[in-house]
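Here are my notebook entries from a friendly look through this structure. I took it one topic at a time.

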Number of protein chains: 2
Amino acid sequence: MTLPAFRPCRSLPAVLGLALLALPPLALPPLLPRALAQPAAATIPLPEPQGQTLLLQSADRADYGPLAEQFLTQANLAYCGVASMVMVLNSLAVPAPAAAGYGSYRFWTQDNVFEAAATRAVLSPEVVARQGMTLQELRGLLASHGLQARAIHGDRLSLAQFRLLVRSNLARADDRLLVNYDRKALGQAGGGHISPLAAYNATTDRVLILDVARYRYPSVWVPLVDLWQAIRTNDTASGLSRGVVVVRRI
Amino acid sequence: MTLPAFRPCRSLPAVLGLALLALPPLALPPLLPRALAQPAAATIPLPEPQGQTLLLQSADRADYGPLAEQFLTQANLAYCGVASMVMVLNSLAVPAPAAAGYGSYRFWTQDNVFEAAATRAVLSPEVVARQGMTLQELRGLLASHGLQARAIHGDRLSLAQFRLLVRSNLARADDRLLVNYDRKALGQAGGGHISPLAAYNATTDRVLILDVARYRYPSVWVPLVDLWQAIRTNDTASGLSRGVVVVRRI
């Protein structure tokens with residue numbers, strides 16, 4: 001299996017060690033807050049007691065309940081965007097098609113999410129399985145399902161704007177926030193990735209990523225500033241910076 | 001698709017309405033606590049604010065974090081026991097085989113959980129897909145993976161013993177508790193089912209079921225007494241009552 005470079009979810013386990021060794025020091029402009037000049041702070045796994053405590057103490061966690069109920073493992077190494085999209089559709093209770101093998105039950109799966117011609121017109125499942133998807137493609141796929149989807153590239157957001165966006169979104173249950181980021185800026189091995197955000201902890205200024213590559217990393221609380229750096233990285237597949245997609249039912 | 005009667009997860013959506021209409025009144029012996037003589041109390045969905053509040057207020061929730069991180073939808077209408085088993089294996093970090101399509105990443109799936117000959121000797125995936133599984137078969141499948149697994153039929157447990165078992169298990173992170181129950185005793189449509197328990201709320205005396213049939217019902221907080229009634233029902237496939245399986249790494 002060969003995947004083109006610089007697409008989400010592309011990194012294969014064989015290169016994990018190399019990716020870690022090759023982690024470059026962050027090139028930082030002067031005059032940034034002190035936190036930015038430090039190496040990425042340790043992530044805190046959600047399943048562990050400290051991660052659960054951060055969740056208990058979070059005030060902005062309206063998205064957590066609906067998303068955790070729909071938590072998925074991406075169906076293949078390139079499907080991080082697809083799994084994230086399916087979690088959004090199910091958690092917002094968007095009317096779903098039938099699912100093969102489940103009788104008349106209707107829910108979104110990583111297969112039937114490509115059934116509509118309007119969706120396949122944006123991007124085919126075969127292309128996604130080979131290449132992953134860019135931020136704008138993720139936005140287009142969500143919009144093809146009748147959702148209001150707005151992509152914001154990371155380099156258009158100040159840290160304060162990003163924090164405001166995260167808090168206001170995660171405090172409301174009727175919208176969702178997906179992030180397209182570079183794992184390396186979080187101190188993780190790998191490259192581009194997509195997952196939903198579920199909660200914000202104000203005391204620690206950390207945000208919770210429900211990581212759909214569950215075979216690789218658990219869900220983690222990361223410093224908001226690290227995630228901000230991670231969405232400002234360049235995606236060479238698009239030539240643009242990564243970023244966020246804000247999703248809402250119309 | 002035809003499934004033999006009285007096995008877990010066997011109920012098909014077409015019979016939902018009939019199952020509800022046919023719900024018999026509970027035949028209750030005299031002198032039971034007042035709560036038992038009432039119809040099943042309403043379930044409280046976990047994803048909704050009230051369900052999240054019960055989770056926040058739960059003191060016995062050590063299993064919730066690890067299980068929620070591994071939450072799965074059963075792979076077909078008869079695989080409730082398989083999905084529950086896979087959640088247990090992943091959440092206890094039992095060393096896993098490789099998973100097809102995921103490179104060298106190793107984790108338990110509803111496919112590779114049947115790879116070992118010792119597992120297939122207990123029950124084949126084909127048989128489970130047709131018939132589901134009984135409580136003792138669930139125990140045997142878990143034991144085949146080197147886990148300590150103890151099945152307790154519901155009619156061997158008093159309400160007080162069941163409460164003690166639930167609380168002590170869910171207060172510790174290193175063991176798991178699976179329930180095999182009849183949905184009807186919880187006021188739900190359907191028949192026999194299997195899912196893991198994740199938390200207990202003492203104030204309301206309710207227990208949290210992470211329901212692997214996510215296409216059908218959300219995870220719910222149910223009165224412990226209702227679940228106790230639900231595990232004391234007869235499974236005509238075995239001729240024995242349903243019950244619980246306590247699982248621990250050796």
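**Entry 1: the copies.** I kept in mind that this is a predicted model. I asked how chain B can be laid on chain A. A turn of 180° with a shift of 0.0 Å along the axis does it, and the RMSD is 0.0 Å. The two copies are thus related as by a two-fold rotation axis. I also looked up the contact residues: 100% of those of chain B recur in chain A, so the same surface serves both copies.

**Entry 2: strand S9 of chain B.** Is S9(B), residues 243-249, enclosed or open? I found 5 of its 7 residues buried, so the rest of the structure largely encloses this strand. Next I looked up its partners. Strand S2 of chain B (residues 147-153) pairs with S9(B) in the antiparallel sense, over 7 bridges. Within S9(B), Val244(B) is the bridge partner of Ile152(B). Strand S3 of chain B (residues 175-182) also runs antiparallel to S9(B), joined by 6 bridges. Here Leu177(B) has Val246(B) as its bridge partner in S9(B).

**Entry 3: helices H8 and H9 of chain A.** At what angle do the axes of H8(A), residues 159-170, and H9(A), residues 224-231, cross? I read roughly 110°, with the axes coming within 10 Å. The two helices, H8(A) and H9(A), are therefore roughly perpendicular to each other. From H8(A), Leu159(A), Phe162(A), Arg163(A) and Val166(A) meet residues of H9(A), including Trp228(A) and Ile231(A). I noted the make-up of this contact of H8(A) with H9(A): 8 nonpolar residues, no polar and 1 charged.

How values were computed: Residues numbered from 1 in each chain as written. Chains lettered and ligands numbered in written order. Predicted model: local features only at pLDDT ≥ 70, side-chain atom pairs only at ≥ 80, totals over all residues. Heavy atoms only, no water. Axes fitted to C-alpha atoms, helices over the stretch in contact; angles between N-to-C directions. Helix = DSSP H or I, 4+ residues; strand = E, 2+ residues; numbered from the N terminus. Parallel < 35°, antiparallel > 145°, perpendicular 65-115°, else oblique. Contact = heavy atoms within 4.5 Å. Nonpolar A, V, L, I, M, F, W, Y, C, P; charged D, E, K, R; others polar. Least-squares fit on C-alpha atoms with pLDDT ≥ 70 in both. Buried < 20%, exposed > 50% of the residue type's maximum accessible area, 1.4 Å probe, protein only. Pairing = 2+ DSSP bridges.
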